[in-house]
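This report goes through one protein structure part by part. Please keep the sequence and the picture at hand while reading.

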Amino acid sequence: MTTTSASGPLRCLVRSAFFTHRIQRPLRVHLQCQRHPNSTPSGILVQDVCPFSSLPRRFATSPSNPPLSVNRGPASQEDTQTDFSVMDVLGNTPPPTTAVDACLSDGFHLDNGLKIGEGSGCLLVSGEAFAWRPWEAASAPNQTPRTGKMVNTKGQWEVDAVAWGVLDVVWPKPDLLILGLGPTTMPISPETRRYINGLGIRVDVQDTRNAAAQFNLLATERGTEAVAAALVPMGWREPRR
């Protein structure tokens, strides 16, 4: 029986189809593995790898430019958008007159226009402002005033009980005393904390800037009768011993 071979064009078409079929078939690559769940008993993992997966990309994509604005489209005309200014529950509440507007190196400026200077601190109690110099307080009339020292030998902030004279006589007493210790903060001595707590007042210790900001917020929210502040000026430095 005689077979007739395919003509030239037909033979090229058959070879082209066969070659394309061979190229598109995935290659079976043997990879060594150790105790893989899909491995064969001989420890050889068989995977199908596409021959085109390792080819380099022909065209490289350029990085996208950042947007010129945060608005990705036209302004919304909906009337259901959230107005965050309405959510400010303290927006219409006036600040207390003793709110601290500025903390200076030698004093303070209050919201009512009062300026405390000459290196004095301030004691804000029940809506009243007092110049406060606890480093000059003395325990008794016959004792010499303290010469600017408010840090004991243990590195704790400590003042005499006479420095809290206003808190002794005021009524009703505030629930919280925010204590600002100047440019930095430090622990207060157990004696000072025990004396303030004995008056029925809790104490919170911070640096002066954060203490003033917290007083402004809490006094606006809870009232000046519930929150008091004792602030040391920002320029205060402990003298050398």
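The model described here is a predicted one.

As a general point, strands of a sheet pair through backbone hydrogen bonds, and the pairing is either parallel or antiparallel.

Strand 6 (residues 121-125) and strand 7 run antiparallel and are joined by 5 bridges. Within this pairing, Leu 123 has Phe 130 of strand 7 as its bridge partner. Ser 126 is in the loop between strand 6 and strand 7. The phi angle of Ser 126 is near 55 degrees, which is positive although the residue is not a glycine. Ser 126 has a relative accessibility of 27%, so it counts as partly exposed.

Another open sheet has 3 strands in the order 3-4-5, and its pairing is antiparallel. Strand 3 (100-103) and strand 5 (115-116) are the edge strands; each has a single partner strand, so one side of each has no neighbour in the sheet. Strand 4 (residues 108-110) pairs with strand 5 over 2 bridges.

The loop between strand 5 and strand 6 contains Glu 118. Glu 118 is not a glycine, yet its phi is positive, at about 60 degrees. Is Glu 118 buried or exposed? Its relative accessible area is 75%, so Glu 118 is exposed.

## Tryptophans and the cores

The model has 2 aromatic pairs. In one of them, the ring centres of Trp 132 and Trp 164 are 5.4 Å apart and the planes stand at 45 degrees, so this pair is tilted. Trp 132 is in strand 7, while Trp 164 is in the loop between strand 7 and helix 2 (165-169); the two are 32 residues apart, and the pair links distant parts of the chain. Both Trp 132 and Trp 164 are buried. Together with Trp 157 they form one aromatic cluster.

In soluble globular proteins, nonpolar side chains tend to be buried together. Here the largest nonpolar core has 26 residues. The residues with the most contacts inside this core are Trp 132, Trp 157, Trp 164, Leu 177 and Leu 179. Strand 6, strand 8 and strand 10 (227-231) are the elements that give two or more residues to it. Another core lies apart from this one and has 19 residues, including Val 100, Leu 176, Val 227 and Ala 229. Beyond its neighbours within four places in sequence, Trp 132 is in contact with several residues, among them Cys 122, Leu 123, Trp 157, Leu 179 and Ala 230.

## Cysteines

How many disulfides does a search of the whole structure find? The search finds 0. The sulfur of Cys 103 has its closest cysteine sulfur in Cys 122, and the distance is 7.7 Å, which is too far for a bond. A disulfide would need the two sulfur atoms to be within 2.5 Å. Cys 103 has a relative accessibility of 16%, so it counts as buried. Cys 122 is also buried, with a relative accessible area of 0%.

Val 166 has its place in helix 2. It touches Leu 123, Val 125 and Phe 130, not counting residues up to four places away in sequence. Val 166 and Leu 123 are 43 residues apart along the chain, but their C-alpha atoms are separated by 8.6 Å. With a relative accessible area of 26%, Val 166 is partly exposed.

The loop between helix 2 and strand 8 contains Pro 172. The peptide bond that joins Trp 171 and Pro 172 is cis, with omega at about 0 degrees.

Conventions
Residues numbered from 1 in each chain as written. Predicted model: local features only at pLDDT ≥ 70, side-chain atom pairs only at ≥ 80, totals over all residues. Heavy atoms only, no water. Pairing = 2+ DSSP bridges. Helix = DSSP H or I, 4+ residues; strand = E, 2+ residues; numbered from the N terminus. Phe/Tyr/Trp six-rings, centres within 6.5 Å; stacked < 30°, edge-to-face > 60°. Buried < 20%, exposed > 50% of the residue type's maximum accessible area, 1.4 Å probe, protein only. Core = buried A, V, L, I, M, F, W, Y, C linked by side-chain atoms within 4.5 Å. Contact = heavy atoms within 4.5 Å.
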